[in-house]
Amino acid sequence: MSRYDALLKPLTLRKLTIRNRVLSTAHASGFGQDGVPGERYQLYHEEKAKGGVGLTIFGGSSAVAIDSPGYMRQIYVGDDAVVPHFRRFADRVHAHGAAIMVQLTHIGRKIGWDHTHWFWPIGPSRRHEPLHRSFAKEMEDWDIRRVVKAFGQAALRCKKGGLDGVQIMGAGTHLIDQFWSPLANARSDKYGGSLENRMRFGLEVLEEVRAQVGEDYVVGLKMIGDEMIEGGLVPEDCVAIATTYAKTGALDFIDVVAGTAFNLIHRARHIPGMWAPIAPYLQLAGAIKAEVDIPIFHGSRVLDVETAARVVAEGHADMVGMTRAHFADPHLVNKLREGRVDDIRQCVGASYCNDRSSTGREIVCIQNAATGKESVLPHVLPKASARKCVVVAGAGPAGLEAARVSAARGHKVILFEAGPRTGGQLNVAARATWREALSGIPRWLDGQVRKLGVDVRLSTEATAERVLAEAPDVVVVATGGVPAVGCFEGIEHATTTWDILEGRAAPAERVLVYDDLGDHQAASTAEVLATRGARVEFVTPDRMALQKVGYNNLGIHMKELHRLGVVITSDTRLHRVERQGNRLLCVLRDDYTEAEEEREVDQVVAEYGTKPRDELYWALRPLSRNLGEVDPDRFAAGQPQNAVNNPAGRFMLFRVGDAIASRNVHAAIHDSLRLAKDF
Ligand SMILES: Cc1cc2nc3c(=O)[nH]c(=O)nc-3n(C[C@H](O)[C@H](O)[C@H](O)COP(=O)(O)O)c2cc1C
Ligand code: SF4
């Protein structure tokens with residue numbers, strides 16, 4: 001008997017048996033094409049099925065009606081064109097033994113109005129939706145009838161498409177939970193007022209869906225266990241909703257989550273990241289499970305199989321959502337079954353996936369570059385036909401990934417690192433107050449490269465002589481970058497964010513943090529400085545702080561900056577820094593009027609990305625066969641690089657990550673995977 005048994009036991013819902021208790025819950029992947037799940041979408045979910053997941057719910061919010069626009073390239077279930085795509089999709093997932101369902105929704109007022117068909121958003125009431133800044137039209141009786149019917153028709157299409165079930169969306173501040181919530185519903189008719197009345201619309205939807213699909217089909221509901229906002233639904237309300245819906249007999253499972261998407265901080269809490277404890281909302285699922293007699297699903301920051309197994313074994317829920325956990329490793333369940341728990345690449349909660357999704361872009365995982373790109377990037381690396389010698393210079397995320405992939409392909413790999421440990425810039429980033437878990441990314445990579453037999457040489461700079469002494473077939477320069485402070489006069493007076501984060505420079509009393517990048521670095525540094533007692537002004541030329549950070553992390557950074565009393569000044573460029581005795585005089589310029597203001601501070605900390613550390617690349621380039629060239633078309637198509645510019649050259653040479661240009665962790669890992677998979 002293993003401690004994972006409870007997780008690996010099947011679950012039966014009506015006539016459907018799900019092979020284990022692990023599910024990937026619905027999420028907006030951004031992979032839809034013209035309202036249908038095309039090849040990319042299907043391959044992405046098929047990979048999880050191959051990897052052993054019990055159930056995958058796709059279609060993070062597939063629309064049942066035309067006035068619920070799929071702004072995130074979502075699926076449209078409002079007409080029959082989708083049915084053949086569902087059939088193919090279902091066959092594909094079933095072929096690997098997993099079950100597949102789709103989430104159905106009407107998004108109601110949670111949308112702007114300037115989308116595809118320029119429809120007015122509809123909602124229970126006219127109330128302003130703060131995140132999308134929309135004012136909904138209060139739904140009339142015929143709107144309600146139409147949407148209820150549309151849910152039923154959409155569910156029937158799912159059944160005809162061979163999907164194993166549907167999940168009705170009553171979470172994330174979509175139309176059904178808009179009706180439930182006093183924050184969105186101010187009606188005075190039979191759909192508003194008492195909780196009983198506010199539940200009516202969703203009950204009509206459920207009744208219609210069941211009527212359309214019949215008794216032998218699985219119908220679930222995703223709902224919140226607590227809106228966690230003043231004036232919103234409290235846990236008692238949610239238990240009452242769950243019990244009322246379960247009592248209808250029309251429902252087969254409830255997936256419980258928490259929070260609303262009311263504003264940025266609530267949105268961040270709704271899908272918690274590395275700032276939050278593990279499984280923070282488990283008790284809400286347990287509270288509902290205690291009151292209903294249908295299976296409860298729950299997933300919110302369940303990242304490891306140990307916790308997942310406990311969730312089921314201790315009876316908090318019957319199935320565990322491990323959604324981002326599957327972005328990070330779609331083969332999680334198979335690795336568990338095979339006793340390879342250490343090989344699971346665990347989600348670290350960086351929320352980069354979410355940040356992209358929240359700003360209308362397709363999801364990627366910060367650390368697993370193959371996710372969502374299955375047609376060109378493999379999750380399981382095939383052995384190469386011939387064993388080569390691959391030398392990698394630099395053991396940051398790009399170098400570690402290049403070494404991992406090369407070694408998994410069966411090559412001899414030597415990994416040089418000038419510093420005393422692997423991890424590169426991630427070691428700096430993980431020094432920030434709430435982002436320590438980033439250290440999980442290099443920790444896993446380091447463990448893998450050692451397991452795969454990579455010759456890791458720490459505290460050994462990769463000089464040209466050392467590299468050439470290995471007689472390599474391929475050299476990967478992953479030497480990263482050095483921090484830059486910017487383009488203002490007096491840059492010599494500025495301290496780098498790395499110096500603060502790594503403790504080489506002590507925080508002074510009055511600090512001006514100048515952010516000309518707009519990503520995490522400067523905000524993390526300001527938070528560290530303020531936490532250690534500095535009075536911080538955060539100055540940026542952008543129209544808002546952290547312009548490059550998506551909503552989920554933005555919400556947490558802004559909360560921290562505000563909580564710590566950091567003053568934020570936007571639209572303002574740092575023009576000049578002068579030393580005046582013990583103090584630094586900063587001249588700031590309004591980016592529009594060019595009016596100048598001065599600040600007297602004790603320290604200027606500035607962020608301007610990194611400058612490539614590329615001496616090794618330039619030293620090796622004349623000796624290489626390709627002279628470092630990469631063909632971008634082959635790169636994008638996932639084909640091997642084959643440039644020959646110097647036939648006498650002894651090896652192929654590639655640069656990856658910040659050694660090319662200042663970017664981020666995902667970009668670095670992506671560079672390495674798409675090159676090294678073909679070595
Ligand atoms: C990028 C992204 C998009 C999401 N979109 C949806 C969605 O459309 N519908 C939904 O019900 N949940 C959505 N979710 C929430 C997930 O279903 C899940 O509740 C959440 O990620 C917490 O589970 P996890 O910690 O296992 O990832 C999304 C999550 C992510 C990360
Ligand atoms: S981006 Fe971060 S939160 Fe998202 S799946 Fe990857 S590790 Fe997890």
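Predicted model: local features only at pLDDT ≥ 70, side-chain atom pairs only at ≥ 80, totals over all residues.
Residues are numbered from 1 along each chain as its sequence is written, chains are lettered from A and ligands numbered from 1 in the order in which they are written, and side-chain values use heavy atoms, with hydrogens and water left out.

**The chain as a whole**
- The protein chain comes to 24 helices and 29 strands; these are DSSP runs numbered from the N terminus, with helices being H or I of at least four residues and strands E of at least two.
- For 679 residues, a compact globule would have a radius of gyration near 26 Å, and the protein chain agrees at 27 Å; the radius is taken over C-alpha atoms, and the globule rule is 2.2 Å times the number of residues to the power 0.38.
- Along its principal axes, the C-alpha trace covers about 75 × 65 × 50 Å.
- Of those 679 residues, 62% count as buried (under 20% relative accessible area, with exposed over 50% and partly exposed in between; 1.4 Å probe, protein chains only).
- Take the contacts with a separation of 6 or more: residues 24 or more positions apart account for 71% of them (contact means heavy atoms within 4.5 Å).

**Around ligand 1**
- There are 23 residues around ligand 1, and Thr-25, Ala-26, Gln-103, Arg-301 and Arg-324 come nearest (near means a heavy atom within 4 Å).
- By class, that shell has 9 nonpolar, 11 polar and 3 charged residues; Ala, Val, Leu, Ile, Met, Phe, Trp, Tyr, Cys and Pro count as nonpolar, Asp, Glu, Lys and Arg as charged, and the others, Gly among them, as polar.
- Gln-103 uses its side chain, with a polar atom 2.8 Å from an oxygen of ligand 1.
- Taken alone, ligand 1 exposes 600 Å², and the protein buries 94% of that (Shrake-Rupley areas with a 1.4 Å probe).
- β4 (55–63), α12 (323–328) and α14 (352–358) are the elements that give two or more residues to the shell.

**Ser-125**
- Ser-125 lies in the loop between β6 (122–123) and β7 (128–129).
- Ser-125 counts as buried because its relative accessibility is 4%.
- Beyond its neighbours within four places in sequence, Ser-125 is in contact with Ala-136, Glu-138, Ala-184, Asn-185, Ala-186 and Arg-187.

Terms used
Polar contact = N/O pair within 3.5 Å; in protein donor to acceptor, adjacent residues only side chain to side chain.
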